[in-house]
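Here is a short report on a two-chain model. Have the sequence and the 3D view open as you read.

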Amino acid sequence: MAHAHKLEIFQGLLKFKSNTQKIWGVLIFLTIVTAIEVVLGIYKPDTLMHTWLDPMEGGFFATLYNIILSPFIYMKPLNLIFIVLTIVKAYYITWDFMHMRDETKALRRMVVWTAVFLICYLIFILLQEGGYVFEVYNTKDALIKRDF
Amino acid sequence: MDTTVANTGTEGKTWGGGNRPLGASYGKLMMWFFIVSDALTFSGFLAAYGFSRFKFIEEWPIADEVFTHVPFLHGQELPMIYVAFMTFILIMSSVTMVLAVDAGHHMNKAKVTLYMFLTIIGGAIFVGSQAWEWATFIQGDYGAVQTKGGNILQFGENVMVDGEEKFKRISIEDFAIVEATDRVEHERKNGLWFVDEASLPPYSVNEIYKGLEANSNILVRNQIINDEGEKTVLSREESLRQIKENGQLVVKGANLVVNEYGTSLFADFFFFITGFHGFHVFSGVVINIIIFFNVILGTYERRGSYEMVEKVGLYWHFVDLVWVFVFTFFYLV
């Protein structure tokens, strides 16, 4: 059985001689990413703890601006970094450990696009609702009292 | 590989059913389908966690204050260290798994056996670590008082650390003044034989209040996160007032009903998501063991293909993949 492996990662920036070497290379990369996450999680640099942009007030374009830049407006940079690094790790686990890189394009898209689309939808709905319930709980004339 | 697949004599004919557009065997495809659906289950859980967290965004427990323990290092606050170790173990066992798959491609039975064995060990260490994490979480740390509204009040004092004023937690055991009480836990042997009672809280709210009154350095903090990203510490008068008027139950540790760390949903999701993930790891270990013995017995050697190792490998990597997300959303964000 011929098992052809694609032995390049980072768009061909890093080439490995054998599949085994590639596995160790990916392990080193994942370990570095995890270490960065842990160090950031322990020290929590002050500059990353406050959002960099403020939401704009105003009409349609302000709303559009808020939506497009929402990761920078409503999320702490530190959390954004964590989420991006997580997706990076997920990519390399799927692509190199699960050999997604070696599968046909059709299989890759079937699995990844379906999951990504449905998960994005799910997250959007639930987080939106969570924010709404928060508003209901915390407006001035809220009918629910929880702090007693 | 074709020994497990019926041949129809139409191989290679595009419209005869012999064409394989995805280039993957039936078993591998089914494993991918399962993984996609399981990924949706997990993202459902994590999204529900996000929902609840957004609902209580200003008072969610801070993970760094909850998971601070490392085995054998008692009394030290080391957030993240242990869970980073667990993550590394799981990634490492993923590596040995993929090495086993690779050795399988080269039909190298000895290497497959070795790497499968290492994978099983890694999985077992992970499940054991998670059990320890659970036990520590359930047992609790400092204890707290739950108010009538279901909120958690914790205790501590302001101390100077390196010229900075910091809030240091104090355990309820260190200041509660124990009173004589007639209240005994109802057991089957000392009461109605057909009913049980959950174990009693370690102290009554009154005992905590007496202790708080006697120690003027102790302050109460509530769940609300302030602008500095820390929980709000109340003034001395407010501390006494809150415990006296609103305190209802003394809580030590965590379960599905109450937890001393904050919003009870936090513990519920912790048990549910890490539990479901731990169950996946456990079943992964069991499946790995089965495959391991099949490898030793030479089943795949005779079959001429180690594809079974590849399939169980997919599942194992998926478990690792899920952990990467659980790690981020429970411990980091």
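## Helix 1 against helix 7 in chain B

Helix 1 of chain B and helix 7 of chain B pack with their axes 11 Å apart, at an angle of about 170°. The axes are lines fitted to C-alpha atoms, for helices over the stretch in contact, and the angles run from 0 to 180 degrees between N-to-C directions. Helix 1 of chain B and helix 7 of chain B are therefore roughly antiparallel to each other. Angles over 145 degrees count as roughly antiparallel, under 35 as roughly parallel, 65 to 115 as roughly perpendicular, and the rest as oblique. Helices (H or I, at least four residues) and strands (E, at least two) are DSSP runs, numbered from the N terminus.

From helix 1 of chain B come B:Phe45, B:Leu46, B:Tyr49 and B:Ser52; they meet B:Leu265, B:Phe269, B:Phe272, B:Ile273 and B:Phe276 of helix 7 of chain B. By class, the residues of this contact are eight nonpolar, one polar and no charged. Ala, Val, Leu, Ile, Met, Phe, Trp, Tyr, Cys and Pro count as nonpolar, Asp, Glu, Lys and Arg as charged, and the others, Gly among them, as polar. Two residues are in contact if their C-beta atoms, placed from the backbone, lie within 7 Å.

## Basis of the model

This is a predicted model: local features need pLDDT of at least 70, side-chain atom pairs count only at pLDDT 80 or more, and totals for chains, interfaces and linings use all residues. Residues are numbered from 1 along each chain as its sequence is written, and chains are lettered from A and ligands numbered from 1 in the order in which they are written.

## Helix 1 against helix 9 in chain B

Helix 1 (residues 26–55) of chain B also packs on helix 9 (residues 307–332) of chain B, at an angle of about 15° and with the axes 10 Å apart. That angle makes helix 1 of chain B roughly parallel to helix 9 of chain B. Their crossing is right-handed. A crossing is right-handed if the near helix is turned clockwise from the far one by less than a right angle, and left-handed if anticlockwise.

Helix 1 of chain B contributes residues including B:Met31, B:Ile35, B:Phe42, B:Leu46 and B:Tyr49. Among those from helix 9 of chain B are B:Leu314, B:Phe318, B:Val322, B:Phe325 and B:Phe329. By class, the contact has eleven nonpolar, one polar and five charged residues.

## Where the chains meet

How many residues does each chain bring to the contact? Chain A gives 45 residues and chain B gives 47 residues. On the side of chain A, helix 1 (19–43), helix 4 (77–97) and helix 5 (105–138) each give two or more residues. Helix 5 of chain A supplies the largest share of that side, 16 residues. The side of chain A that touches chain B divides into 26 nonpolar, 13 polar and six charged residues.

Helix 5 of chain A pairs with helix 1 of chain B. Their axes come within 8 Å and cross at roughly 15°. That makes helix 5 of chain A roughly parallel to helix 1 of chain B. The crossing is right-handed. The residues of this contact divide into 18 nonpolar, seven polar and three charged.

## Domains

Chain A is divided into domain 1 (1–102) and domain 2 (104–148). The centres of these two domains, taken over C-alpha atoms, are 21 Å apart. Chain B is divided into domain 1 (43–140 + 265–332) and domain 2 (152–252). Here the C-alpha centres lie 35 Å apart. The bounds come from an automatic or database domain assignment.

## Loop residues

B:Tyr261 sits in the loop between strand 6 (247–251) and helix 7 (264–297) of chain B. B:Tyr261 counts as buried because it has 26 C-beta neighbours inside 10 Å. A residue is buried if 20 or more other C-beta atoms lie within 10 Å of its own, exposed if 12 or fewer, and partly exposed in between, with C-beta atoms placed from the backbone. B:Tyr261 and B:Pro61 are 200 residues apart along the chain, yet their C-alpha atoms are separated by 6.1 Å.

Most residues other than glycine have a negative phi. A:His99 has a positive phi, near 60°. A:His99 lies in the loop between helix 4 and helix 5 of chain A and is buried, with 21 C-beta neighbours inside 10 Å. Phi of B:Met107 is also positive, near 55°. B:Met107 lies in the loop between helix 3 (81–105) and helix 4 (109–139) of chain B and is partly exposed, with 14 other C-beta atoms within 10 Å.
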